[in-house]
Amino acid sequence: METAKLNIKQWAEDDRPREKMMQKGASALSNAELLAILIGSGTVEESAVGLMKRVMADCDNRLKTLGRMSLEELTGNVEVWDKETGKKKRVRRYKGLGEAKAVAIMAACELGRRRMEEDAVELPSIRSSVDLYHYFLPQMQDLFHEECYVLLMNQACRILDKVLVSKGGLTETAVDIRLILREALLRRAPVIALCHNHPSGQVRPSMEDDRLTDRLQKACRMMNIRLLDHIIVAEGGFYSYCEEGKLV
């Protein structure tokens, strides 16, 4: 039995576009597979992937050409030779591709076009411990309890996101290193920085702060993640493990 005639649920799991995308990411899929996810289904004779392979073949496998196709071109009829009658007849150009599916394809192409037209967003960057301090100060200066955040950055130290990893009491907060690394891995952040506050106003780190920093630094090395700094924000100033030479 030809693969094209199999119901998509009968395919090997690695060949199913949705499952393949969830397991390997969108970049692992062909254009036809991505488009098949959009239209959802094909016909009894042809899978959604097979259908979109035919469409892409007619577009010389160029998404730009597909994006220029009209609704009529995607859903219209063409003349074919009928061997039984010996006459020409008109049939749907792409059987199984109705208006709803064609509109979904056109909408996706338009979104891609608009994305290309958008101006690139300049992400804020961290160049020093002072930058870290000023970034977190507005959020932490009036807190009466401890909070700890991990700042996730790209290779150029531009900020991707910040995540609250712990919230505690007046004098301490428990931080799980596994949670910090999990956030970095989920966001594919090769550089991180840690920041927590001391509501007491004491800027010097505690023994537990030192132990946390040491364990986090060792864990980051194992995962090939750069720990840029760990700063402690207190009233009137901050402490930087990097500036104090305690990060290698």
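Analyst: Happy to! A residue is called buried under 20% relative accessible area, exposed over 50%, and partly exposed in between. Cys-242 is therefore partly exposed, since its relative accessible area is 40%. Please keep in mind that this is a predicted model.

Cys-59 is another matter: with a relative accessible area of 1%, Cys-59 is buried. What about disulfides? The structure holds 0 of them. For Cys-59, the nearest cysteine sulfur belongs to Cys-109 and is 8.7 Å away.

Cys-109 leads us on to the largest pocket, where Cys-109 is one of the residues that lie nearest the centre, along with Leu-63, Lys-64, Ala-108 and Gly-112. This pocket has a volume of about 450 Å³, and 15 residues line it. Helix 2 (31-39), helix 4 (63-67) and helix 6 (99-117) are the elements that each give two or more residues to the lining.

Strand 6 (residues 226-234) pairs with strand 7 (residues 237-240) in the antiparallel sense, over 4 bridges. Val-233 stands opposite Phe-238 of strand 7. The two strands form a hairpin with 2 residues between them, and Gly-236 in the turn has a positive phi of about 85°.

Conventions
Residues are numbered from 1 along each chain as its sequence is written. This is a predicted model: local features need pLDDT of at least 70, side-chain atom pairs count only at pLDDT 80 or more; totals for chains, interfaces and linings use all residues. Side-chain values use heavy atoms; hydrogens and water are left out. On a 1 Å grid over the protein atoms alone, a cavity is a set of points where a 1.4 Å probe fits but cannot get out, and a pocket is an open set with protein on both sides within 12 Å along at least five of seven lines; lining residues have an atom within 4 Å of a point. Grid points are joined across faces, edges and corners, and a volume is the space filled by probe spheres set on the points. A disulfide is a pair of cysteine sulfur atoms within 2.5 Å. Buried means under 20% relative accessible area, exposed over 50%, partly exposed in between (1.4 Å probe, protein chains only). Two strands pair if DSSP finds at least two bridges between them.
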